[in-house]
Every structure is written in C-alpha cells, then in structure tokens.
Amino acid sequence: MNEDEAYEYVKNTLKKELITPYHADELEIVKSVSCCINCGLCINHCPVVAAIGLDRFNGPRSIAVELSRSPPEYWSTADKIYLCTGCGTCREVCPKNVDIPEIVNLIRARIFEHRPDLVPKGFMLVKEIIAEHNLAFEPWVDREEKAESRDMRLERLGLPHIPDVVKKNAEVLFYPGCQAEERTQEVREAAKVILDLFAVDFTVLDEFSCCSLPSHLMGDEDSARNLAKQLKKKVKKLGVKKVVTTCAGCTSNLADLAERDNWGTPTYHLLEFLAEEIGFDRIKQALKEQTPSQSVHVSVHDPCHLIRHTSRRIMDYAMDILSLMPGVKVTESITHDSCCGGGGMVSYHSRDVADAVVKENLISLEETGAERLVTPCPLCTAQIESNLFKSGSSIEVDDLTVFLAQRFSKE
Ligand code: SF4
Ligand code: SF4
C-alpha cells in the first residue's frame, strides 16, 4: 500500500466519526497552533475584531487556542470562522508564527466536507457557478455584448485593444483572474497593453479557468484540487516559462501552487514582472509626459494577498514605479496596508462585516486629500470603490494596472 492508498484507507475508516486525517501540509499548519503562547498580540491587530468587536468575532487567539483542536470544535465555530477575511495580519504579528489564516481554511474545509449544512448559502451558489463554468463569476451569456462592454471601457480610458493571441512556447502566460476575465475587463486589457508595449512574448489561455483560490477559501477542497490540476495541465501544455497576473489573490495562490506542486513556472504580479524583468530604465523611458492639468494626487492601497501572502517587495515596486511618473503625487494613508474587508469570501454572506472592516481605510484615505486611490487588485478595487461611492466620497478608484497603462506610450 503506497502513501496515498494508506491515507484513503484511514480516511474511510474514520468517515463515520466525521474525522478526516490531516494531509502532510496540513500537519504543519496544525503543529503551528500548538506553538501559541496565548499572548493576545494577534487580537489587537485583527481588523475584523476592531471593526465588529469580540462578541461577534472572537478573534485569532481564540481560533488558535480553543477552536481548532477537534471536529466538535470545528462545527461550533461555524458562526465565527466565516468572518475571517484571511488578511494574514495575525500571522504577521505573531511571535510564534501561528498560521491562523490557513487554520481557518482547514476548519472551513472540514466543515465543508462533513457538515455542509453549516456552510453559508452564498458559498454554495459560488460552488455551483464554479462547477458549471470553471469560473468564480457567471460568465457573459452573449460574447458580442461582452466585447462591446470591453470596447466601451477601453474607449473611455483611451486605451487600444490588443487582440488575444493563444500560442505555444511563449515566454509568458498572462493570467488575469476570474474578476478581470469576466467583470473588470479593462484590467485584463490594460495588462495586455503594457505587455505589448514592452514587446513581451505572451499568450493568454485558450479557455480560461479559475486558479482555485475561491474554492480553497470556501473549504471546497475537491473543487480546489481539480481546478489547480486543470490549470497546471494548461500551463504545461502551452509550454510557457512564466505566469504573470494582475490579481493579488491569483499571485499568492499560483505562486504557492507552483511551489508545492512543482509547476516549474514562477508566478509574478505584473508590478513585480515590470520591476524585475523589464527594469526601471525602460519603464522610465516609456512614461508619457503629462501637462500640468493632467497632474494627479493619489493614495495607494496595499492588497493583503500581496504584502502578507506573497511579499511586501511588490508594493515597494509599486511605489518606485509611481515615483517615476511625471505629474503623479503620492500620499500614503496611515491604513494603506490594512485589510479592505474584501478577502476570505466574507462579503458573500456577511456584507455588513466586510463593509465595517473597510471603514477605517476610508476615513484615513479622506485625510490624505488624494483625489484618486490606486491598488493592484481588482477585488480590493471593487470593495473600496463601492464603499466610497456609498459614503458619497468624491475620491475615484483605479486598478493600478489601468492607471499605469494610461501613462505609458509606445517605446
Ligand atoms: S487573518 Fe485577519 S481577519 Fe483573520 S483572524 Fe487573522 S487578523 Fe483576523
Ligand atoms: S499572537 Fe500568536 S502566540 Fe500570541 S495569541 Fe495570537 S496566535 Fe497565539
């Protein structure tokens, strides 16, 4: 009996008790919990605790020391565990590196497997969409209407349309993520404009499919594994050397999958690719001069999936690139790196919690006096933009990819 067969055998014997043995990578996460020294630092930094209080969300320490030890505790967390945005702040401040965000995902996975009655209904709807379309959003029914919407967006932004090319053995696979593929098409198109401008040899997928992060966050590990396997096969078949994406969540998830499952293709966020592969000299040369009337005062939001799940280096690159731009003044808000509430699929079942988390960000953003916010993630863009709109603010929001594409001109 090999290792996988032995695992399946043990799993089947424990099924009736609603117990799933840990996979090897899960064991590491579980071991990290036992390192908790109950210091409480994480509670003071958790944005959900700050936004809604300990009565409604008992916070990361409680998840570590009380709620993550055995199945009956997992089931009892169901009203709390889905309120974590997975921002990773607790893990970042924890002196013992307790991996709370992944413990949350592990508990969600056990609930999904054994107690689907406790899973938020909103998650089940997303599961159905993913099962039917391999995407986390309903795709456009009419492809012509989708193209018209794309063209209208490009016209408004003054960006050209670079036709999709699918080819084998390109240097780069450009992977926009579900949101930019089906909703914020301007982000997908702006990235292609930038890659084309720097003469990058790139392809897109013939048939787009989700990176698996939404399934993983919901706890639907079977779907997550299938989607990851499917995408790996497509990447291998195309024979690309690198994957470039514009979504913070896809960046961290694909980088993690590629490392754990030996994809052989490193993943870059577009900002990282620009800084490391194109270089600041070429970036500087490609920047358009701006007239005084085109000057703009911006503030920046740092997506959790970049700074806490991938590397803070990526947002340093963003600031370096912005500092090169003629006519762009940048003022950071004091909450530039705190969670916007858009993560962890929280808004799919508790929109009020997601919106309570972003409130502090909006207050400090107004204090900067900036007229525009830029952020390199379509999900953060949508979450902050809709809340600014609801608050009556005049601050506009751009995905940073779009903002950059508008300020480059062909070499
Ligand atoms: S990941 Fe973020 S929201 Fe979740 S417990 Fe940790 S600090 Fe709180
Ligand atoms: S910061 Fe880390 S060690 Fe301290 S209570 Fe939180 S999880 Fe435990």
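In which sense, left-handed or right-handed, does α2 pass α9? The crossing of α2 past α9 is left-handed. The model discussed here is predicted. Its protein chain is assigned three stretches: domain 1 covers 3–119, domain 2 covers 131–278 and domain 3 covers 286–406.

**Helices α2 and α9**

- Helix α2 spans residues 24–33 and helix α9 spans residues 100–114; the two pack with their axes 9 Å apart, at an angle of about 120°.
- This angle makes α2 oblique to α9, since angles of 65 to 115 degrees would count as roughly perpendicular and those over 145 as roughly antiparallel.
- From α2, the residues Glu26, Ile29 and Val33 take part in the contact, and they meet Glu102, Ile103 and Leu106 of α9.
- Sorted by class, this contact of α2 with α9 has 4 nonpolar and 2 charged residues, and no polar ones.

- The centres of domain 2 and domain 3, taken over C-alpha atoms, are 21 Å apart.

**Helices α17 and α20**

- Helix α20 covers residues 313–324, and its axis comes within 9 Å of the axis of α17, with a crossing angle of roughly 70°.
- The two helices, α17 and α20, are therefore roughly perpendicular to each other.
- The crossing of α17 and α20 is left-handed.
- On the α17 side the contact is made by Leu271, Glu272, Leu274 and Ala275, while α20 brings Ile314, Tyr317, Ala318, Asp320 and Ile321.
- Among the residues of this contact of α17 with α20, 7 are nonpolar, 2 are charged and none is polar.

**Helices α11 and α13**

- Helix α11 (residues 143–157) crosses α13 at roughly 65°, and the axes of the pair come within 9 Å.
- α11 passes α13 in a right-handed crossing.
- The residues of α11 in this contact are Ser149, Arg150, Arg153, Leu154 and Leu157, and those of α13 are Gln185, Glu186 and Glu189.
- How many residues of the contact of α11 with α13 are charged? There are 4 charged residues, along with 2 nonpolar and 2 polar ones.

**Around ligand 1**

- There are 13 residues around ligand 1, and those that come nearest are Cys46, Pro60, Cys84, Cys87 and Cys90.
- Two or more residues of this shell come from each of α4 (47–52), α8 (89–93) and α9.
- The shell around ligand 1 is made up of 9 nonpolar and 4 polar residues, with no charged ones.

**Around ligand 2**

- Ligand 2 is surrounded by 14 residues, of which Cys36, Cys39, Cys42, Cys94 and Val98 are the closest.
- Both α3 (41–45) and α5 (59–65) supply at least two residues of the shell around ligand 2.
- The most is given by α5, with 3 residues.
- By class, the shell around ligand 2 has 10 nonpolar, 2 polar and 2 charged residues.

How values were computed: Residues numbered from 1 in each chain as written. Chains lettered and ligands numbered in written order. Predicted model: local features only at pLDDT ≥ 70, side-chain atom pairs only at ≥ 80, totals over all residues. Domains from an automatic or database assignment. Near = placed C-beta within 6 Å. Helix = DSSP H or I, 4+ residues; strand = E, 2+ residues; numbered from the N terminus. Nonpolar A, V, L, I, M, F, W, Y, C, P; charged D, E, K, R; others polar. Axes fitted to C-alpha atoms, helices over the stretch in contact; angles between N-to-C directions. Parallel < 35°, antiparallel > 145°, perpendicular 65-115°, else oblique. Left-handed = near helix turned anticlockwise from the far one by under 90°. Contact = placed C-beta atoms within 7 Å.
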